[in-house]
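The following questions and answers concern the structure shown below.

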Amino acid sequence: MQFTSHPRAFTEMRESMDAYEISPALQEQFTRCISFHTVTAPGLFIGVFMVDYAIELLGARHGEKLYAVAETYKCIPDPVQVMSGCTFGNHRLQVVPIGKFALTMNRPSEKKDIEGVRVYVDAEKLKQYRIINAWYTHSPGFDSATMIYPLIDEILKAGRDILSYQRVRVRVPLKNTWKSVKCNTCGEMVPDIALEEDHCKGCGSLSYYDVLS
Ligand SMILES: [Zn+2]
């Protein structure tokens, strides 16, 4: 679901942010995240509050090297990448597709685990926010045609009020050693640890194209 990009809608969004005393610095993060995400999705807004909260709970400095795990591919990975510098490309963002709107962040560690913070949307707290609750629970009572702006407004009003957190011990993945080998089917190079039997996953279980030319 997307929020209209009509200029008036953005003006109303800014007015809501000012009314709910969202700091100029966080408003700037909203602008950057909307631009990166390309659409103004409700989940993105919640994600911005989640990442901001997680970074504050960690006591992290701006630009500090952090790691993140998002528990869904929906929305959360984008504010993580924009606001924390943990990206898919630098391997500091992972998605564990559990399907929960939750996020864990931690500092680097040479040990096998490290303390981190997990921020999640709290179902109990959501009950105080009728529109967010209807949208979040996929209720038939949520009408996206008429309720999208009231939803965004309620998310901005709620801020961290719908979130809870846990201090957690995060397991640090082991670094794999590997060597480059040739796939017996396509002939391209691939890390040996990514093989299935004698071929690459592109020629096996992860095949997604047929060569045309
Ligand atoms: Zn292959």
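Q: In which helix does Phe36 lie?
A: The model is a predicted one. Within this model, the helix in which Phe36 lies is α2.

Q: Is Phe36 buried, exposed or partly exposed?
A: Phe36 has 13 other C-beta atoms within 10 Å. A residue is buried with 20 or more such atoms and exposed with 12 or fewer, and anything in between counts as partly exposed. Phe36 is therefore partly exposed.

Q: Which residues is Phe36 in contact with, leaving aside its neighbours within four places in sequence?
A: Phe36 and Gln81 are 45 residues apart along the chain, and their C-alpha atoms are separated by 9.3 Å. Gln81 is one of the buried residues of α4. Once the neighbours within four places in sequence are left aside, the contacts of Phe36 are Asp78 and Val82.

Q: How many of the residues of α4 are buried?
A: The buried residues of α4 include Pro77, Val80 and Met83. Their cover includes α2, α3, β1, β2 and β3. Helix α4 is mostly covered, and its buried residues number 8 of 8.

Q: Is His91 buried or exposed?
A: His91 is placed in the loop between α4 and β2. Its phi is positive, about 65°, although His91 is not a glycine. Most residues other than glycine have a negative phi. Because His91 has 10 C-beta neighbours inside 10 Å, this residue counts as exposed.

Q: Where is Glu197 found?
A: Glu197 is not a glycine, although its phi is positive, about 50°. With 6 other C-beta atoms within 10 Å, Glu197 is exposed. Its place is the loop between β8 (195-196) and β9 (199-200).

Q: What is the C-alpha to C-alpha separation of Gln94 and Val69 in space?
A: Gln94 is found in strand β2. With 15 C-beta neighbours inside 10 Å, Gln94 counts as partly exposed. Gln94 and Val69 are 25 residues apart in sequence, and in space their C-alpha to C-alpha separation is 4.8 Å.

Q: How are α3 and α7 oriented to each other?
A: Two packed helices are described by the angle between their axes and the distance between the axes. For α3 (residues 42-58) and α7 (residues 144-158), the axes come within 10 Å and cross at roughly 5°. Angles under 35 degrees count as roughly parallel. That is why the orientation of α3 to α7 is roughly parallel.

Q: How many nonpolar residues are there in the contact of α3 with α7?
A: From α3, the residues Pro42, Phe45 and Ile46 meet Leu151, Ile152, Ile155 and Leu156 of α7. The contact has no polar and no charged residues, and its nonpolar residues number 7.

Q: At which residue does α7 bend?
A: The buried residues of α7 are Ile148, Leu151, Ile152, Ile155, Leu156 and Ala158. After α7 comes Gly159, with a positive phi near 55°. The bend in α7 is about 25°, and its place is Pro150.

Q: Which element gives the largest share of the largest nonpolar core?
A: This core has 45 residues, of which Met50, Ala68, Val80 and Leu103 touch the most other members. The elements that give two or more residues to the core include α2, β1, β4 (113-121) and α6 (130-136). The largest share is 9 residues, and the element that gives them is α3.

Q: Which residues does Leu103 touch, not counting those up to four places away in sequence?
A: Leu103 is one of the core residues that touch the most other members. Not counting residues up to four places away in sequence, those touched by Leu103 are Met50, Val51, Ala54, Ala68, Ala70, Glu71, Ile76, Val80 and Val119.

Q: What percentage of the residues of the chain count as buried?
A: The secondary structure comes to 7 helices and 9 strands, and the C-alpha atoms fill a box of roughly 60 × 45 × 30 Å along the principal axes. Of the 213 residues of the chain, the buried share is 29%.

Conventions
Residues are numbered from 1 along each chain as its sequence is written. This is a predicted model: local features need pLDDT of at least 70, side-chain atom pairs count only at pLDDT 80 or more; totals for chains, interfaces and linings use all residues. Helices (H or I, at least four residues) and strands (E, at least two) are DSSP runs, numbered from the N terminus. Axes are lines fitted to C-alpha atoms, for helices over the stretch in contact, and angles run from 0 to 180 degrees between N-to-C directions. Angles under 35 degrees count as roughly parallel, over 145 as roughly antiparallel, 65 to 115 as roughly perpendicular and the rest as oblique. Two residues are in contact if their C-beta atoms, placed from the backbone, lie within 7 Å. Ala, Val, Leu, Ile, Met, Phe, Trp, Tyr, Cys and Pro count as nonpolar, Asp, Glu, Lys and Arg as charged, and the others, Gly among them, as polar. A nonpolar core is a set of buried Ala, Val, Leu, Ile, Met, Phe, Trp, Tyr and Cys residues joined through C-beta atoms within 7 Å. The bend at a residue is the angle between axes fitted to the seven residues ending there and the seven starting there.
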